[in-house]
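Please look over the sequence and the model, then read on.

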2 protein chains.
Amino acid sequence: MRSQVVIVGGGFGGLYAAKALRRAPVRVTIVDRTNHHVFQPLLYQVATAGLSAIDIGEPIRRVLRRQVNATVLLADVTGIDLDGHRVDLASGGILEYDYLIVAAGAGHSYFGHDDWAEHAPGLKTIEDALEIRRRILLAFERAELADDPAERTHLLTFVVLGAGPTGAELAGAIAELARHALRADFRRITPGDARIVLVEGGDRMLSSYPASLSTKAQRQLERLGVEVRTGEMVTGIDGRGVDTSADRIEAATVLWAAGVAASPLGASLGTPLDATGRVLVEPDLTLPGHPEVSVVGDLAAVTQDGAPVPGVAPAAMQMGRHASRNIERALDELPTEPFRYVDRGSMATLGRSSAIATIGGLRLSGFPAWAAWLLVHIVFLIGFRNRIVVLFEWAKAYLTYGRSARLILFRESED
Amino acid sequence: MRSQVVIVGGGFGGLYAAKALRRAPVRVTIVDRTNHHVFQPLLYQVATAGLSAIDIGEPIRRVLRRQVNATVLLADVTGIDLDGHRVDLASGGILEYDYLIVAAGAGHSYFGHDDWAEHAPGLKTIEDALEIRRRILLAFERAELADDPAERTHLLTFVVLGAGPTGAELAGAIAELARHALRADFRRITPGDARIVLVEGGDRMLSSYPASLSTKAQRQLERLGVEVRTGEMVTGIDGRGVDTSADRIEAATVLWAAGVAASPLGASLGTPLDATGRVLVEPDLTLPGHPEVSVVGDLAAVTQDGAPVPGVAPAAMQMGRHASRNIERALDELPTEPFRYVDRGSMATLGRSSAIATIGGLRLSGFPAWAAWLLVHIVFLIGFRNRIVVLFEWAKAYLTYGRSARLILFRESED
């Protein structure tokens, strides 16, 4: 009988692990609580109406349809029994495994202030992106309806908390939406008057990049009309705005990009975690004491050359593939190999023709970085049905400044 | 001061009324409870994962962005004060009008059984379509998870109630989804085993078409594997299935396409209604006793040559344009003109290369009808940004039998 490999999570880590096993003499079962893999690096585009959900989401079973050794299940995992070698599902079902890959990813962390969540949604899932889009677009709609100028100003103020890549990209995209895409669409308000504030607790934005690029990124965002504030800690968030260590900002729309926390499934394994809840793994990505279990992606705490491997898509893909290769080695009775992250560079886009990037030793900003970003994202959308559609949308958006995915769905009718 | 025209509703009636006033010396305010116009004839494609929401929904303010005399408001209308010439909004705002066009459309009617609604959603809005898609796709997902064969059969049974155009199109599209698009995607179930039942209370399906085309349509649906039952009344719907006058059908997914009811805004006007709640209007589409108020689209009861004008998109467009032309005539102190519906034909599509159509005296079925349907729908998507995308999706779907808009969103995690 073939070995059973169970993979929990259909993000970059889990999906690439499953794909890497396509020729292995195993049965693969991949479980996710959603039916789709998400191209997370473009989530902010969905949140700001530049792309629609379908452009960056793809049913996991569709991706794996030709991989006959893979079964895809839509289910919530409620527990992992390491001794019993089984995964429990909310549906009541049980998955027995010989090898397990846990790739459950991360969610938002509000640093103990869970009451902030309703006022400041974060961006991890397509539902999150649609909720953020709904809030942004509704703010403009309500401003158009409002008669009181103070209320209009309140509605047209947007605060993004956290100036890592997600926060920077969100702030830049909201600024472009307000200044360009919506410009001609309102009669009572001037969308370009919108105030967009990006608040960062650290002393510079995009702190994972070299300081020179942070400075350039800040300048690019400011040129788009974003107010960048560094060294300001968030001390409170309520339904009307944000308190920081320096100020009070009245804003109808507040978005959270300040902290992530590993999936609680990591803690349920009962092995040591790092400060953000990620599972400390062996150099080969396996769980201490459980060579048959690997943890990959954002849920794994991996240190390399004294620095943590970053929680980015390429790292998750590489870990997923590596875990699967180690399973193949174990089946061949070969020793497993330690994981090594190959950093091919990173990039953040800040608007039309605006971006920063590090590629090898190269540091790019402005149009060259943006062109590199576009190229890489188009290439990595390979396997996604929508590459042509996305390319077409981008080409059109570039020429027209348009953002065409502007449906407001699931609005409460009582609003 | 320019005359104020308020239009309630941004469907085909309201939107075409607004557009027809683009050169008129008036100020137009169009109010809708959603931010988007929907290309309703293709809603069933969104419900069955053939198209995504964005392909058939377009922000109303985007459609009217260049029409400088038009203001678009996203708001719920809570009442119309005919004597005071004003429309009340849920936001507390008030819109005063010199002319009013009510184009609030229709919703579902469960014939007094409102408790059926949760078990058998209908298809009128994009949210409805996404909910139906979610139910259809989740049924397949749950069947893949289920261990009990009886439960699988239950999950793979789909009942569509009502065999008018919407019901027929839904049933055909579900059959194609099961037999083709999903065929290779599951490991434990065979999606092609799904049972699709179309139940019609009348003695033939598509009763608004000539009897010979009804017969051909039924044969085409049966060839797709749909079980068509006519002369069977629905007597009960619960969480596990449907009772009809002839049978009990156990089914996890039940969809409602059996009845529409006019918007309650019609009744609030206080003038006579027809049996389905539509407003009886004068020959020029104005409200009896209120020549400054017109009612158009699905909310208007118009009889022509002894037969009711059907509740279809072309009729609503024509009424909307007509009401606006009459406003222009009134401004010029000319008498209004009576409305005449020009029937350019109608068509229903039943699957790939399957359709029926009447165009003038012509009766088409099969591929010619399908080609005509495609041509007309592409032409009428003019003004929609997504015509090229939709065309591209259809071309690909035609070649591959694919249905690629298969995201399940807003699933309750507890399921």
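Q: What percentage of the contacts in chain A with a separation of 6 or more comes from residues 24 or more positions apart?
A: This is a predicted model, in which local features need pLDDT of at least 70, side-chain atom pairs count only at pLDDT 80 or more, and totals for chains, interfaces and linings use all residues. Residues are numbered from 1 along each chain as its sequence is written, while chains are lettered from A and ligands numbered from 1 in the order in which they are written. Two residues are in contact if their C-beta atoms, placed from the backbone, lie within 7 Å. Among contacts in chain A with a separation of 6 or more, the share from residues 24 or more positions apart is 63%.

Q: How many helices and strands does chain A have?
A: Helices (H or I, at least four residues) and strands (E, at least two) are DSSP runs, numbered from the N terminus. In chain A there are 12 helices and 27 strands.

Q: What is the radius of gyration of chain A?
A: The radius is taken over C-alpha atoms, and the globule rule is 2.2 Å times the number of residues to the power 0.38. For 415 residues the rule gives 22 Å, and chain A is close to that, so it is as compact as a globular protein of that length. The C-alpha trace of chain A spans about 70 × 50 × 45 Å along its principal axes. The radius of gyration of chain A is 22 Å.

Q: Is A:F111 buried or exposed?
A: A residue is buried if 20 or more other C-beta atoms lie within 10 Å of its own, exposed if 12 or fewer, and partly exposed in between, with C-beta atoms placed from the backbone. A:F111 is in the loop between β10 (106-108) and α5 of chain A, and has a positive phi of about 50° although it is not a glycine. Because A:F111 has 11 C-beta neighbours inside 10 Å, it counts as exposed.

Q: Which helix gives the most to the side of chain A that touches chain B?
A: The contact takes 38 residues from chain A and 39 residues from chain B. Elements giving two or more residues to the chain A side include α3 (53-56), β5 (70-74) and α5 (126-145) of chain A. With 6 residues, the one that gives the most is α5(A).

Q: How far apart are the end C-alpha atoms of α10 of chain B?
A: The expected span of a helix is 1.5 Å times one less than its number of residues. Helix α10 (residues 313-331) of chain B has 19 residues and should span 27 Å, which agrees with its end C-alpha atoms, 27 Å apart.

Q: Which elements do the buried residues of α10(B) pack against?
A: The buried residues of α10(B) include B:A315, B:M319 and B:I327. They pack against β1 (3-8), α1 (12-20), β9 (99-102), β21 (290-295) and β22 (300-301) of chain B.

Q: How many of the 20 residues of α5(B) are buried?
A: Helix α5 of chain B covers residues 126-145. It is largely enclosed by the rest of the structure, because the number of its residues that are buried is 15.
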